[in-house]
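Welcome! Have a look at the sequence and the 3D structure below, and then let us walk through some of the features together.

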Amino acid sequence: MSPYVKRTVTDAGGSKSSARQRGADLIPSSITRPVNVLFIEGAEDDLEAIVHELNGAGIEFYSECHISLPAVGAALVRRAWDVIITDYKLAALTAEEVLSLMRVSAQDVPVIVVSGHIGEDEAVSLMKQGATDFVSKADLSALVPALARALEEAESHREEREAMEAIRKQERFLRELASGMGEGLLALDSDWKLVFMNPEAERILGWRRDELHGKRMHEVVHYLKADGSPFPASECPCTMVASGSSRHQVEDDHYIRKDGTFVPVSYTVTRTSDANGKRRYVVVFRDRTEQKRAEQELRESRRQLRELTAFLQRIREEERTAIARELHDELGQMLSGLRMDAEWLQRNCTEQPKIAAKAKAMTALIDSSLRTVRRISTDLRPAVLDDLGLEAALEWLIGGFKNRSGIDCRVRLALDESRLVEDVAITVFRLVQESLTNVSRYAQAGRVAVAVAMDAERIKVEVRDDGVGFNVDAPKPRSYGVLGMRERVIALQGNFDIDSRPGDGTCVFADIPLARGVKQALD
C-alpha cells in the first residue's frame with residue numbers, strides 16, 4: 001500500500017472548518033496541537049475508519065501509512081512522530097516487530113495496537129513488550145481517549161527525560177568542577193558514609209573512590225589522634241555540624257593515608273540536603289604538607305635569626321664594655337697625668353705669666369676632656385651596673401633623666417638580683433634607657449612612671465608616659481630604637497608590646513623569663 005498522507009481535517013460531510021466545529025466538544029484537553037501519526041495498516045477500509053474516528057473528534061493531524069519494516073524504519077528516521085497506530089498483524093509486519101524496532105531505535109513513541117482479531121492474553125503480552133494501549137476495531141470509539149492518554153503519557157515521559165537530562169548535565173558539570181578543584185572533596189550521606197570523592201582527594205589520601213564508597217570516612221581516615229591514640233567519632237570536630245552550626249572549619253588537623261601515614265590538613269565541613277531533603281555532608285580539605293614544611297623552615301629561620309641577634313647583642317655589649325673600660329682606664333689616666341703636668345707648669349712658672357696662663361687653660365681643657373670621657377664611658381656601659389647591680393643602675397639612670405629633662409618620674413622597683421643573669425639585667429637596663437630617651441625626644445610628657453618587678457619566673461618592665469602618644473597601627477618610618485628593644489626581648493624568649501593612642505600617652509611593656517633562654521642555648 002502506498003503511503004496515506006492527510007494534512008487537513010475533513011470528512012465526507014463537509015469542510016475542514018465545519019468538521020473542527022462539530023468535533024470541538026470531543027477533542028481531549030491534552031491534545032492542543034496538530035499530531036504526527038504514523039499508521040501501520042494494510043486494510044484500506046480499516047484505515048479509513050480510523051481516520052474517520054480522528055476526524056470526527058476534530059483532531060488535526062499529519063499522517064503517513066506504511067506496511068513494511070524498512071518503510072517504517074525510514075519514516076522513523078525522517079520525522080519525529082507523536083504516536084504509532086498499528087494493526088496487530090500484517091502480511092509483512094507484526095506489532096511485535098514494530099515494538100522491537102522501537103526498542104532498538106531507542107525512540108520513546110507511544111504505540112497503540114488496533115486489531116479485531118486478538119485475545120486478552122495477546123493484548124497483555126503486547127503491553128509487556130511496550131505497547132501503550134490496545135483498541136479493538138469493533139469499538140473505535142475508544143481510540144481517541146487512548147490517543148489522548150498516550151500523548152499525555154508521552155509528554156510526561158518527555159518532561160521527565162528532559163528533567164533527568166538536565167540533572168545528568170548538572171551532575172556532569174559538578175563532577176568536572178570537583179575534578180578540577182585544587183582541594184580534596186568528600187560528599188557523605190547522613191551516616192557519614194562516602195558518596196563521592198574527587199581525584200584530588202584520591203591523590204591526597206591514596207584511596208580510590210570505589211575502595212571507600214559506602215564506608216564511614218572517620219573510621220578510615222580520621223580514627224587516630226596525632227599521638228597515635230584512638231580518636232572516637234563522637235570527639236571529631238565534624239560532628240559539630242550534625243547538631244549545631246551548618247558549617248565548621250578546622251585549620252590544623254590530620255588525616256590518615258591508605259599507607260597509614262599522617263597527612264596534615266585543614267578542612268571545612270558543611271551540612272546540606274539533597275533534592276529529597278535527606279541530610280548530606282560536604283568536606284573540602286587541603287593538604288598542608290608543603291605549608292607545614294614552609295612554616296617549619298620559617299620558624300627555624302627565625303630561631304636562627306633570634307640566636308644571631310642575641311649573639312650580636314652580647315658581642316655589642318662586650319665591645320661597649322671594653323671600649324668604656326679603655327676610655328676610663330687608659331685615656332682617663334693619660335688625661336689625668338696631663339692635668340698633673342699642666343698644674344706643675346702652672347705652679348712653677350709664676351715668673352712667666354704667659355706660660356702660667358697657658359698652663360691654666362690647658363688644665364681647664366683637660367678637665368673638660370675628662371668629663372667627656374667619663375660621660376661617653378658611662379653611656380657605653382655604666383660602671384654602676386657592674387659594680388652595684390641593676391637596681392642601683394636604674395635609680396642612677398632615672399635620676400639623671402629627671403635632672404636633665406625636668407620631667408616628673410615615679411619609680412617602682414621590686415628586684416631580687418640574686419636571681420638575675422647578666423643578659424636579662426642588661427636587657428632591662430637598655431629597655432628603660434631607650435624608653436626614657438624616646439620620652440625626652442618625642443613624647444612631650446609631663447610625667448613618667450617606671451616599674452620593674454620580678455616574680456618566681458619572670459621580670460616585667462613597664463615605662464608609661466602621659467605624652468602626645470601616636471597611632472601604633474599607622475604606617476610610619478622604621479624606628480630602630482623600638483626594633484632594637486623588641487629584638488632584645490624576643491632574643492631572650494620574652495614578650496614585647498607598645499600601647500599608645502594619639503593624645504593618650506604611651507606604654508612600653510616587656511615580660512622576660514628569668515631563665516637564660518637563647519643565651520643558654522648558645523653557651
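Predicted model: local features only at pLDDT ≥ 70, side-chain atom pairs only at ≥ 80, totals over all residues.

Residues are numbered from 1 along each chain as its sequence is written, and side-chain values use heavy atoms, with hydrogens and water left out.

**The sheets**

Helices (H or I, at least four residues) and strands (E, at least two) are DSSP runs numbered from the N terminus, and two strands pair if DSSP finds at least two bridges between them.

A second open sheet has five strands in the order β7-β6-β10-β9-β8, and here the pairing is antiparallel. Both β7 and β8 (247–256) have a single partner strand, so one side of each is left without a neighbour in the sheet. The twist in this sheet averages 25° from one strand to the next. Five bridges link β6 and β10 (residues 279–287) in the antiparallel sense, with L188 opposite Y281 in β10.

**A helix and some loops**

Helix α15 (residues 422–443) has 22 residues and reaches 30 Å from its first C-alpha to its last, close to the 32 Å expected at 1.5 Å a residue; the expected span is 1.5 Å times one less than the number of residues. Of its 22 residues, 16 are buried, where buried means under 20% relative accessible area, exposed over 50% and partly exposed in between (1.4 Å probe, protein chains only).

Most residues other than glycine have a negative phi. W192 has a positive phi near 65° and sits in the loop between β6 (184–188) and β7 (194–197). Q493 also has a positive phi, near 65°, in the loop between α16 (480–491) and β14 (495–500).

**Salt bridges**

The structure holds 29 salt bridges, each a side-chain nitrogen of Lys or Arg within 4 Å of a carboxyl oxygen of Asp or Glu. The table lists some of them.

| Pair | N to O distance |
|---|---|
| R203 and E200 | 2.8 Å |
| R208 and E211 | 3.5 Å |
| R501 and D504 | 3.1 Å |

R203 and E200 both lie in helix α7 (residues 199–205), three residues apart, about one turn of the helix. Is R203 exposed or buried? R203 is exposed because its relative accessible area is 52%, whereas E200 is buried at 16%. R501 is partly exposed at 45%, and D504 is partly exposed at 47%. Salt bridges that share partners also join E41, D46, D87 and K137 into one network.

Note on methods: Axes fitted to C-alpha atoms, helices over the stretch in contact; angles between N-to-C directions.
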